[in-house]
Each structure stands twice: as C-alpha cells, then as structure tokens.
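Hi everyone, thanks for coming.

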Amino acid sequence: MAGKRKNPADAILPPRVYRGKSKYEFHPASGGSVSLCPLDSPVSLVWAKYEAALKDIEEKTNLSGLFDEFFASADYHKLGTETRKDYKKYARKLVPVFGKMDPDSVKPQHIRQYMDKRGVVAPVQANREKAFMSRVYGWAYERGIVKGNPCKGVRQFKEEERERYVTDQEYNALYDVSPVVVKVAMEIAYLCLARQGDVLAVQKAHLLPEGIFIRQGKTAAKQIKAWSTRLAAAIELANSLPLKEGVSSIYVLHQQNGQRYTRDGFNSRWQQAKEDAQKNFPHLLFDYTFHDLKAKGVSDLEGSLQEKQQISGHKTITQTARYDRKVKIVPVVGGQ
C-alpha cells in the first residue's frame, strides 16, 4: 500500500508515482522504479505514462508475457525451425485461455480442464500444447520467474503407436505420379531413414565424397549416409529441379527462387501427389504419412535391431523398435 503524500500538491499524481531528481518515478509494489517523464510535464502526460507502465508490467507478469519472454530467449532460438513454428502455433491456442493469468495462479486442475476440453476433438494436439507449456514453465522455473510447473503430474492422453508399413507397391505407385521434388524427398527419407525436416534441410555442401552428411534436428545425431547407386540417382534427379534465370541455390531440394521448401509448402505437394496416386491406383491405399517412409526404411533394413539403431541414429533401441513395422514371417509347425 502506498504511503501518505508528504506534499499535498502531489495528491493529483497516480498511486506510487513520486517526484525524482529530474523525472516523475513510478515505484511498483513488486519493487524497482520506472522513470515516466520530466518534472515539467503536464499531469495528463504523467497519468498516460503511468498507465502505459502498468500495462507493460501486467503483460510481463501474465502467461502471455511469459511466452513472449521464452520466444525471445536463447533456448528457443536454439531449437529447429519447424519446432519453433510449432511452439508459436501451440501458444496461439493457449493464450486465449491462459494468456491473462498470472503464471503462478495456474494450477494443475486448470491444465487438466483444458486437456479434457481440448482432447474431445484433438487429443494429440492437446498433448503437444501441454508439453510446450511445460517446457516454458521449466525454462522459467530455472530462472526464478515462476514458483513451480503446474503441468507436472497432469497425465497426457494415450497415443496409439503407428503400425502402418508402406509396401513396395504403395511406395512405387506414389513415386510414379509424384513431381521431382517429392520423388527426391521420398528417396532420401526412405534410403537415409531421415525425417522430413532433415530432408528439406540438406544442402549441396552436405554432399560429400563418402555420402550425404545429415545432422538430425531432433536428436542432433551426425551421420554420413554412404552412397548407393539408388541414392546417387536421387541426387542426380534433384539436379533437374528448375531455377529462375540467374538464380542459384544452396539446397538440394529448392524452389524456383532458390529458397528451400518450407514444411507447409512441401506438404501441399505431398498431399497433391497422394491424391493423384489414389486416382491412378484406386485399388491401393495412400493413407500413410511422409514420416512413415522413415519407418519403411528401418523395417526394410537387414540386420539386428541393434544394427538398425546404429544406422537410424536413434538414442534408444526402444525408439528403433517402434519404427520396425514389417510383419515378420515365421515358420508353421513342422515347417522349421
């Protein structure tokens, strides 16, 4: 609570605003001092500056402001491009619900209520949004900005593991009707066991005598995928991608202006290719995702699960096992 004014003439000033040596100063209850404007300023300007300072403090102390602080942090900028885009997307869903709340006033029951309501139509997205929120709280807790993480202990929705294995027939059918950029991306993803983001990020400088250098955006694993005849043919095909006159590109997969494909830009090509494939091959199913091509690669690899883990770059053998989806052929009784 602000103290009684020593100078009765200052009663017209906003709460907690005092005369400094050269400027009016606002002393918030939370501590510190905010310079407002020179002492010869009209009272109307003092009030305007005071209200602006109050609004700024309010925005910095609500959850929306905390998100903004995280987005301005070094931790956020170290993340991959697509992860940063996803986090901004998750924040846009969370801000209308939690944005004006004090971060420390958010409780586990509030997170649970959000999850239950959001999970009716989008349980997977609810999981992702909660994970993002937890990441922000964890970042803020380490820096003394919040007192705890209300997301801890709140259960996520169970997500069914994908079991879809893309057959050679399904793969080849889609490949046949796809534009060059999709064909090359499919081959790199399948042959190199690479995620979409890593495929789109491959630069011409990454084409080494030994193979293609790929640094996985998710695990940070660094590998050189050794050349094979088929992989070399895919890169050769990429050289046919058109460029505007006088334009060059550092990327293997590039647009006509030389820029790399964004996830959304590539996905529109991928989706169109699947629709074309469905029209041309109505007896086949094309309900698989681009990420399923990596799983096909892991499944088609010869060798033990440990060998597949080493080639895939997974941190744990459990991750590799989730990608190994081809149904095994086993002998029947008496056929061993």
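This is a predicted model: local features need pLDDT of at least 70, side-chain atom pairs count only at pLDDT 80 or more; totals for chains, interfaces and linings use all residues.

Residues are numbered from 1 along each chain as its sequence is written, and side-chain values use heavy atoms, leaving out hydrogens and water.

A pocket here is an open set of points on a 1 Å grid over the protein atoms alone, where a 1.4 Å probe fits, with protein on both sides within 12 Å along at least five of seven lines; lining residues have an atom within 4 Å of a point. Volume is the space filled by probe spheres set on the points, joined across faces, edges and corners.

The largest pocket comes to about 2200 Å³. Its lining has 50 residues, and Asp86, Arg195, Lys218, Arg263 and His291 lie nearest the centre. By class, that lining has 15 nonpolar, 16 polar and 19 charged residues; charged means Asp, Glu, Lys and Arg, nonpolar means Ala, Val, Leu, Ile, Met, Phe, Trp, Tyr, Cys and Pro, and the others, Gly among them, are polar.

What about the second largest pocket? Its volume is about 220 Å³. Tyr190, Leu191, Cys192, Leu193 and Leu301 lie nearest its centre, among 13 lining residues. Those residues divide into nine nonpolar, two polar and two charged.
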